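Me: I would like to learn how to read a few features of a protein structure, step by step. Could we take them one at a time?

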Amino acid sequence: MTIASIGTGSMGGALLAGVLRGGADPESVIATTGSRASADGLRERLGVRTASVEEDTEANRTAVADAEFVLLGVKPWAMKDTLAEIAGSLRPDAVLVSMAAGVSIAQLTEWSGSSRIIRIMPNTPSAVGHGVIALAATADVPQESVAEVAGLLAGAGDVVEMTEDELQTMIGLSGSGVAYFFLLAEKLVEAGVAQGMGEEMARRIVVGTAAGAGRLLEETPDPAGLRTAVTSKGGTTHAAMTSFEGDDFGAIVERAARAASARAREMESGG
Ligand SMILES: NC(=O)c1ccc[n+]([C@@H]2O[C@H](COP(=O)([O-])OP(=O)(O)OC[C@H]3O[C@@H](n4cnc5c(N)ncnc54)[C@H](OP(=O)(O)O)[C@@H]3O)[C@@H](O)[C@H]2O)c1
């Protein structure tokens with residue numbers, strides 16, 4: 001299997017690291033960047049073949065010429081030009097895998113002239129192998145290629161196949177959703193400090209709580225059940241839950257998730 005990673009920065013590099021963790025042969029991968037410095041850093045870090053457009057204006061075209069899978073990690077605004085650049089050099093059976101936010105499958109198809117498109121949406125924990133990666137494929141991508149791409153990305157996190165519309169909903173739950181967990185952690189640290197606890201201690205306690213809650217959720221994927229298990233009537237957690245309910249926490253969260261997904265859809269229609 002041959003993989004070209006076109007534009008390999010923060011997210012492209014994180015996913016590529018996951019692909020290698022999942023067992024792909026570094027020799028089968030060629031990764032391109034804008035600058036030579038980025039290419040050198042990547043080669044040192046991941047052990048893959050690299051090329052930069054700074055050193056070789058043909059780098060992207062050369063990289064895709066042999067590739068079965070082309071991972072597209074350039075910035076969204078650079079996608080149209082990048083696809084125009086590589087379109088003529090793609091193998092006819094190449095599968096394009098775009099991670100660009102706000103770039104639809106329809107746009108990717110139009111700009112590349114190919115209908116073998118997989119659109120993915122990773123979240124930032126992909127960088128540490130604990131991401132959630134939404135994956136939406138066109139009907140022209142053979143099912144075995146979808147499975148291969150899902151298998152390759154599994155080293156970066158949990159790959160969940162869905163429709164493109166569900167991918168927009170996923171952005172509000174997971175892509176942006178990681179930040180909601182960070183916000184809760186941030187506010188809990190502030191609540192500790194407001195009650196006189198040192199910030200370092202509050203942060204340590206909150207980070208440990210978040211990590212522990214995540215582990216428990218992975219073992220028992222039933223958030224309501226786990227919550228109920230620590231909530232005895234008249235107890236401390238019950239007092240906190242009553243306060244959350246009084247402030248209509250559920251509605252606050254749903255509004256935020258809908259706002260993120262609505263923004264994702266709006267960005268895609270040029271807003
Ligand atoms: N970061 C996230 O949390 C996140 C989450 C979901 C989706 N995404 C998507 O991931 C994509 C990349 O975002 P990012 O945050 O990883 O950006 P980034 O770190 O800036 O990465 C962009 C990469 O493209 C390279 N590049 C620039 N011009 C190029 C060219 N002409 N040919 C080939 N490579 C070129 C850059 O090289 P240099 O380093 O040399 O400039 C860099 O390696 C975006 O489409 C974004 O929507 C990101």
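Me: Which residue in β2 is the bridge partner of Ile6?

Reply: Keep in mind that this is a predicted model. In β2, Ile6 has Thr32 as its bridge partner. Strand β1, residues 3-6, is joined to strand β2, residues 29-33, by 4 bridges, and the two strands run parallel.

Me: What is the order of the strands in the open sheet?

Reply: The open sheet has 8 strands in the order β3-β2-β1-β4-β5-β6-β7-β8, and its pairing is mixed. At the edges are β3 (49-52) and β8 (157-161), each of which pairs on one side only. From one strand to the next, the twist averages 20°.

Me: Which strands does helix α5 touch where it packs on the sheet?

Reply: Helix α5, made of residues 105-112, touches β5 (95-98), β6 (117-122) and β7 (131-137), and its direction makes about 135° with that of β6.

Me: How should I read the packing of two helices, and what are the values for α7 and α8?

Reply: Two packed helices are described by the angle between their axes and by the distance between those axes. Here helix α7 (residues 164-175) and helix α8 (residues 177-194) pack at an angle of about 25°, with their axes 4 Å apart. Because angles under 35 degrees count as roughly parallel, α7 is roughly parallel to α8.

Me: Which residues meet in that contact of α7 with α8?

Reply: From α7 come Ile171, Gly172, Leu173, Ser174 and Gly175, and these meet Gly177, Val178 and Tyr180 in α8. By class, the residues of this contact divide into 4 nonpolar, 4 polar and no charged.

Me: Which residues line the largest cavity, and which element gives the largest share of the lining?

Reply: The lining of the largest cavity consists of Ile3, Val19, Phe69, Leu71, Val97, Val149, Leu152 and Leu153. Both β4 (69-72) and α6 (143-153) supply at least two residues of this lining, and the largest share, 3 residues, comes from α6. Sorted by class, the lining has 8 nonpolar residues, with no polar and no charged ones.

Terms used
Residues numbered from 1 in each chain as written. Predicted model: local features only at pLDDT ≥ 70, side-chain atom pairs only at ≥ 80, totals over all residues. Heavy atoms only, no water. 1 Å grid on protein atoms, 1.4 Å probe; cavity = no way out; pocket = protein on both sides within 12 Å on 5 of 7 lines; lining within 4 Å. Nonpolar A, V, L, I, M, F, W, Y, C, P; charged D, E, K, R; others polar. Pairing = 2+ DSSP bridges. Axes fitted to C-alpha atoms, helices over the stretch in contact; angles between N-to-C directions. Contact = heavy atoms within 4.5 Å. Parallel < 35°, antiparallel > 145°, perpendicular 65-115°, else oblique.
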